Each structure stands twice: as structure tokens, then as C-alpha cells.
Amino acid sequence: MKKSIFYLVAFVLIAVCCKKSGTDSSAVRYEFNSDVSAEYKLEYSIDNNTLSTETITGTSWTKTVSMVKQKGIGNVNVAKLTVYPPAAWANTATSANVMLKIFVDNNQKIATEKLLNASHINTGVFSLISF
């Protein structure tokens with residue numbers, strides 16, 4: 001009887017203490033495309049609490065980051081991509097059709113097509129997913 005309890009306790013401890021196989025991070029790829037070449041500000045998540053910003057000139061941009069998977073209740077990660085129009089568009093009728101895509105581990109999770117114009121100077125347009 002004592003041996004059975006010992007083996008049961010040992011099994012439970014091994015099961016609880018062993019790390020599960022699998023990766024602790026996900027590759028998140030952001031893509032931006034526009035039908036108007038301009039200087040855009042792009043803001044994207046590099047983890048659940050941090051945003052990074054880049055300014056590009058042109059019509060397309062791609063960035064891949066490695067996000068550490070959240071552990072605990074919910075296990076939710078958030079990826080966000082925001083594009084802001086050029087400051088030169090302020091008080092003009094200039095606009096562009098933009099496409100924002102987010103991929104997680106090479107699987108497209110969202111594709112958003114929106115009209116970007118001067119009214120988005122402070123808010124931008126964005127795509128947001130959780131995984």
C-alpha cells in the first residue's frame with residue numbers, strides 16, 4: 001500500500017513538474033500595403049504591453065516579431081497594427097486605400113482594408129487580433 005501511494009505521488013509530481021513540449025513564442029508578421037506612395041507612421045505590438053513605431057516612405061512594409069506566449073489564465077496574446085496618415089495630409093482631401101494583415105506562425109489571422117484620410121491623423125486605422 002505504501003509503495004502504491006509513493007508511486008502515485010511520484011507520478012503526479014513528475015506530471016506537474018515536467019515542461020510541456022512546444023514553443024514558448026509565436027512569429028507574428030505584420031503587412032501593410034497602400035495604393036498611394038507616402039510617408040506613413042506604423043505602430044505595431046512587439047509583446048502584450050509594448051508598441052513599436054516605424055516611419056516608412058512607399059506603398060508596402062512587412063515586419064516579423066517573436067511574441068512570447070502568455071501563460072496563465074486565458075493565455076491571450078494581442079497583436080495590433082496601426083497606420084497613421086502623413087502629417088502633410090492634414091486639412092486636405094488626400095486619401096489612400098490601405099490593407100493591413102496580421103499572420104501568426106505563417107497563418108493569416110486578419111486582413112483589413114480601409115480608407116485612410118486626414119481624419120485619421122490622431123487615431124489611425126488599425127487591425128487587432130488575439131491568439
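**Reading the model with care**

Tutor: This is a predicted model, and the mean pLDDT of the chain is 86, with 82% of its residues reaching 70 or more.

Student: Where in the chain is confidence lowest, and where is it highest?

Tutor: Confidence is lowest in helix 1, residues 2-17, where the mean is 45, and highest in strand 4, residues 95-104, where it is 97. Over residues 3-21 pLDDT stays under 50, and for that stretch the model has one contact beyond four places in sequence. Where pLDDT is low, the predicted coordinates should not be read in detail.

Student: Which elements make up the chain, and in what order do they run?

Tutor: The secondary structure comes to one helix and six strands, and from the N terminus on the order is α-β-β-β-β-β-β.

Student: Which strands pair with strand 3?

Tutor: Strand 3 is joined to strand 1 by four bridges, the two running antiparallel, and Y44 has L81 of strand 3 as its bridge partner. Strand 3 also pairs with strand 6 in the antiparallel sense, over six bridges, with L128 of strand 6 as the bridge partner of K80.

Student: Is strand 3 largely enclosed by the rest of the structure or largely open, and why?

Tutor: Here one counts the buried residues, a residue being buried when its relative accessible area is under 20%. Strand 3 is largely enclosed by the rest of the structure, because five of its seven residues are buried. A79, which is found in strand 3, counts as buried at 0% relative accessibility. Leaving aside neighbours within four places in sequence, A79 is in contact with several residues, among them V28, Y30, S45, M67, I102 and L128. A79 and Y30 are 49 residues apart along the chain, yet their C-alpha atoms are separated by 9.0 Å.

Student: What share of the contacts in the chain joins residues 24 or more positions apart?

Tutor: Among contacts with a separation of 6 or more, residues 24 or more positions apart account for 61%. As for burial across the chain, 31% of the 131 residues count as buried.

Student: How many residues are in the largest nonpolar core, and which have the most contacts inside it?

Tutor: That core has 23 residues, and those with the most contacts inside it are V28, Y30, F32, Y40, W61, L81 and V83. Two or more residues each come from strand 1, strand 2 (50-68), strand 3 (78-84), strand 4 and strand 6 (125-130), and strand 1 gives the most, with seven residues.

Student: What should I make of H120: is it buried or exposed?

Tutor: H120 lies in the loop between strand 5 and strand 6, and it counts as buried because its relative accessible area is 16%, a value under the 20% cut-off. Its contacts, leaving aside neighbours within four places in sequence, are Y84, P85, L115 and V125.

Student: How many salt bridges does the structure hold, and which residues form them?

Tutor: For each pair, one reads the distance between the closest N and O atoms together with the accessibility of the partners. The structure holds two salt bridges. E31 forms one with R29, the closest N and O atoms being 3.0 Å apart, and E31 counts as buried at 16% relative accessibility. E54 forms a salt bridge with K63, where the closest N and O atoms are also 3.0 Å apart; E54 is partly exposed at 22%, and K63 is partly exposed at 29%.

Terms used
Residues are numbered from 1 along each chain as its sequence is written. This is a predicted model: local features need pLDDT of at least 70, side-chain atom pairs count only at pLDDT 80 or more; totals for chains, interfaces and linings use all residues. Side-chain values use heavy atoms; hydrogens and water are left out. pLDDT is the predictor's confidence in each residue, from 0 to 100. Contact means heavy atoms within 4.5 Å. Buried means under 20% relative accessible area, exposed over 50%, partly exposed in between (1.4 Å probe, protein chains only). A salt bridge is a side-chain nitrogen of Lys or Arg within 4 Å of a carboxyl oxygen of Asp or Glu. A nonpolar core is a set of buried Ala, Val, Leu, Ile, Met, Phe, Trp, Tyr and Cys residues joined through side-chain atoms within 4.5 Å. Two strands pair if DSSP finds at least two bridges between them.
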